[in-house]
Amino acid sequence: MEGDRRDLPSYIDPEVVNLPGEGPDLLFKEMPKGTQRDLPIHIDLTVEDRELTVKRFCDLGASVRETKTETYGPNTETWTIMEDPEGNGFCVTEQ
């Protein structure tokens, strides 16, 4: 994969690749799988308006599993964990 690694604060500790062009960046972070319902491999979508995007996805057939808020160092982030109609997980967060 060709791209540049984005420098992020050490408390996040992921691997992020900025792909050339206008496509999405990719974030790779090792996560333990605790249960069958955990989503160790899924897409994180970063959008301008999380609540509006979640509503749009629900209108298209997705469902909300839960919304979480966590603080990492000086930053607080809220994201919504969702599933498409086939049960594939993804998260929606704001920029």
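This is a short talk on the fold of one predicted protein model and on the parts that pack together inside it.

First, some ground rules. The model is predicted, so local features need pLDDT of at least 70 and side-chain atom pairs count only at pLDDT 80 or more, while totals for chains, interfaces and linings use all residues. Residues are numbered from 1 along each chain as its sequence is written, and side-chain values use heavy atoms, with hydrogens and water left out.

Now confidence. pLDDT is the predictor's confidence in each residue, from 0 to 100. The mean for the protein is 76, and 57% of the residues reach 70 or more. Helix α1 has the highest confidence, at 95, and strand β1, residues 4-5, has the lowest, at a mean of 46. Over residues 1-6 the value stays under 50. Where pLDDT is low, the predicted coordinates should not be read in detail.

Next, the layout. There are one helix and seven strands, where helices (H or I, at least four residues) and strands (E, at least two) are DSSP runs, numbered from the N terminus. In order from the N terminus, the elements go β-β-β-β-α-β-β-β.

Four of the strands form an open sheet with mixed pairing, in the order β4-β7-β6-β5. Two strands pair if DSSP finds at least two bridges between them. β4 and β5 are at the edges with a single partner strand each, so one side of each has no neighbour in the sheet. β7 runs parallel to β4, joined by five bridges, and antiparallel to β6, also joined by five bridges. In the hairpin of β6 and β7, five residues lie between the strands, and Gly-87 takes a positive phi near 90 degrees.

What lies across β4, β5, β6 and β7? Helix α1 does, running at about 150 degrees to β7. Axes here are lines fitted to C-alpha atoms, for helices over the stretch in contact, and angles run from 0 to 180 degrees between N-to-C directions.

Now the interior. Buried means under 20% relative accessible area, exposed over 50%, and partly exposed in between (1.4 Å probe, protein chains only). Of the 95 residues in the protein, 20% are buried. In β7, five of six residues are buried.

Which residues make up the largest nonpolar core? They are Val-47, Val-54, Phe-57, Ala-62, Met-82, Phe-90 and Val-92. Such a core is a set of buried Ala, Val, Leu, Ile, Met, Phe, Trp, Tyr and Cys residues joined through side-chain atoms within 4.5 Å. α1 and β7 are the elements that give two or more residues to this core.

The whole structure has one aromatic pair. Phe-57 and Phe-90 form this pair, edge-to-face, at 5.3 Å centre to centre with 85 degrees between the planes. Rings of Phe, Tyr and Trp (its six-membered ring) pair if their centres lie within 6.5 Å; planes under 30 degrees apart count as stacked, over 60 as edge-to-face and the rest as tilted. Phe-57 is in α1 and Phe-90 in β7, 33 residues apart, and both are buried. Beyond its neighbours within four places in sequence, Phe-57 is in contact (heavy atoms within 4.5 Å) with Leu-45, Ala-62, Met-82, Phe-90 and Val-92.

Last, a loop residue. Gly-61 sits between α1 and β5 and is partly exposed, with a relative accessible area of 39%.
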